[in-house]
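Work through the two exercises below with the sequence and the coordinates at hand. Each task is followed by a stepwise solution.

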Amino acid sequence: MTKALPQRWDMDVIFPGGSESEDFRAFLGTVEGDIANLKARFEQSGAGLHETAAFKEVVTHVQSIAVRVRQAGAFISCLTAQNVKDEPAKLLGGRVKSISAAFGAVLTRWEEQLLAIDEAAWENLLADEELQRLAFVLNERRRRAQEKLSPEQEVLANDLAVDGYHAWQDLYNAVVGRMTIEVEVNGETKQMSVGQASNLMSSPDRAVRAHVFEKWKEAWGKETELCAQALNHLGGFRLALYRHRGWDSVLREPLDIGRMQEKTLDAMWQAIDNRKDRLVAYLERKAKLIGVDKLSWYDVGAPVGKVHKEVSYDEAAALIVEQFNRFNPSMAEFAQKAFDEGWIEAEDRSGKRPGGFCTSFPVSKQSRVFMTYAGSASNVSTLAHELGHAYHQQVMWDLPALNQNYAMNVAETASTFAEMILADAAVKNAANDDEKLVLLEDKLQSMVAFFMNIHARFIFEKNFYEKRKEGLVSAADLDRIMEEAQKQAYNGALADYEPHFWASKLHFYITSYPFYNFPYTFGYLFSMSVYARALEEGESFAPKYDALLQDTGRLMVEDLAKKHLGEDMTTVEFWQKAVDLAVADIDEFLRLTEEA
């Protein structure tokens, strides 16, 4: 008998002992000492950074500390996700945030010295062969430093953020961690975590979905005042900092982090709006299939078709490895290693945080995937998605640490590309029309998420910030702004919406990345373009794909598309081709369901 794959991740190979790990505490102590030493160096007069040897030495120290700070943050995120009630992990998380803040302050001092280097000396430094590999990120850091406050003010803002800005995300996490949702399943009343209740939203039984949704809204309704406090103060901090920096747009920071132009973002949304009518046609057909006049919010993720089989975790793993192998054997080999060596936390149990993510450990050169696997087609897609993230990082390990800092939008390209490989192959290899319909519908659910749900989040955040400039926004107003955004994004296609979505969605509370929404849609559509090219070129595209991924940390996204695809992504035409490729699945769905 084949041994079942582990469904709990192995964290002891990273730091043994979890939140009680003495190795981890010693690791943090070393990092703190190295940060202090680097700080002392920058405080000395005449650090000599205009000299190549001294500059390269500092770059080496910066990269060494950066990978260890990232390692520490990844470990804490895994501990707090696997057990939301792990108090020692939360305390360690506070220490890691302080370390990150101290490192951020040191980097600000470094940037001050970068600005002090005159242009001739700067060009001379970057002429060095080793530093030339880092030219993009070094120029980027120098340019960003010019656009901020004085180093003293940036250090102060960074320090205050630990117990101010970032603390509001901690408060939100605490709210989610204590929450349970009481639902009745098969006549039995159960106390479920937010993540477990969320999985029931895709139940084939509409009565179950409706029941869970009401309990969901009831539970979140009790927390909206606290969530509103967190969101208001997160937004207020950002707006105040932007105002002092002289930044007039709330999109400036997320676009700069994503290394993209606003006209690229506008072109993407325009291309999607051009085809919203096709998504509405899909939603209207789905309503007929489940016997309602108009879908409710809790119906959007409902399965359609006669085939509703659960897929075991081991079956999902085998399927993912098989389909990855059809495209790129290296991806398949990597995925198998992740499954075999316990890199994935998939067990369906209480006490875990909701959602899924992938995080990487640059010192260990390993990644970890987190999710709650319950056997649905959506769970299989999520598993492939997160493994796509992990593979992206795998091809980056041999690059300098500074060149590994790719933004979320291109990170989502690799993950949705992996998801696409699986979904497309499954549809093509369906045994019959009934199975094909179920698989196709799962793809369309993802499309609705990227084109409508995420668009609603983007619209909400833009409108929230405009309102927040006038003062605090009440929970009732946040409900209203959210529902209006959903109606706009869904073209009024639903019978009712989820006004508390702003409270229940973790992404609105992430302090490391404002507007944690549009990069998902960007990644979905860019990966669609990459996938189309992969289909054209066949097996020969696999090494080109790896090369594209390796460039994600050292190019603007527009230059990335130009170099590897020969395309101009600032145009609506570029995005329209990808959108049209995606919505072609709707035509097939409508054909298969015509008689039904």
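For residue classes, Ala, Val, Leu, Ile, Met, Phe, Trp, Tyr, Cys and Pro count as nonpolar, Asp, Glu, Lys and Arg as charged, and the others, Gly among them, as polar. The model is predicted: local features need pLDDT of at least 70, side-chain atom pairs count only at pLDDT 80 or more, and totals for chains, interfaces and linings use all residues. Residues are numbered from 1 along each chain as its sequence is written, and side-chain values use heavy atoms, without hydrogens and water.

**Exercise 1.** Characterise the lining of the largest cavity by residue class.

Step 1. A cavity is a set of points on a 1 Å grid over the protein atoms alone where a 1.4 Å probe fits but cannot get out; lining residues have an atom within 4 Å of a point. The whole structure holds one cavity of 30 Å³ or more.

Step 2. The classes are five nonpolar, three polar and two charged residues.

**Exercise 2.** Determine the strand order of the open sheet of three strands.

Step 1. Strands are DSSP runs (E, at least two residues), numbered from the N terminus, and two strands pair if DSSP finds at least two bridges between them. The order is 3-5-4, with mixed pairing.

Step 2. Strand 3 (344-345) and strand 4 (357-361) are the edge strands.

Step 3. Strand 3 pairs with strand 5 (residues 366-370) in the parallel sense over two bridges; Ile344 has Val369 of strand 5 as its bridge partner.

Terms used: Helix = DSSP H or I, 4+ residues; strand = E, 2+ residues; numbered from the N terminus. 1 Å grid on protein atoms, 1.4 Å probe; cavity = no way out; pocket = protein on both sides within 12 Å on 5 of 7 lines; lining within 4 Å. Points joined across faces, edges and corners; volume = space filled by probe spheres on them.
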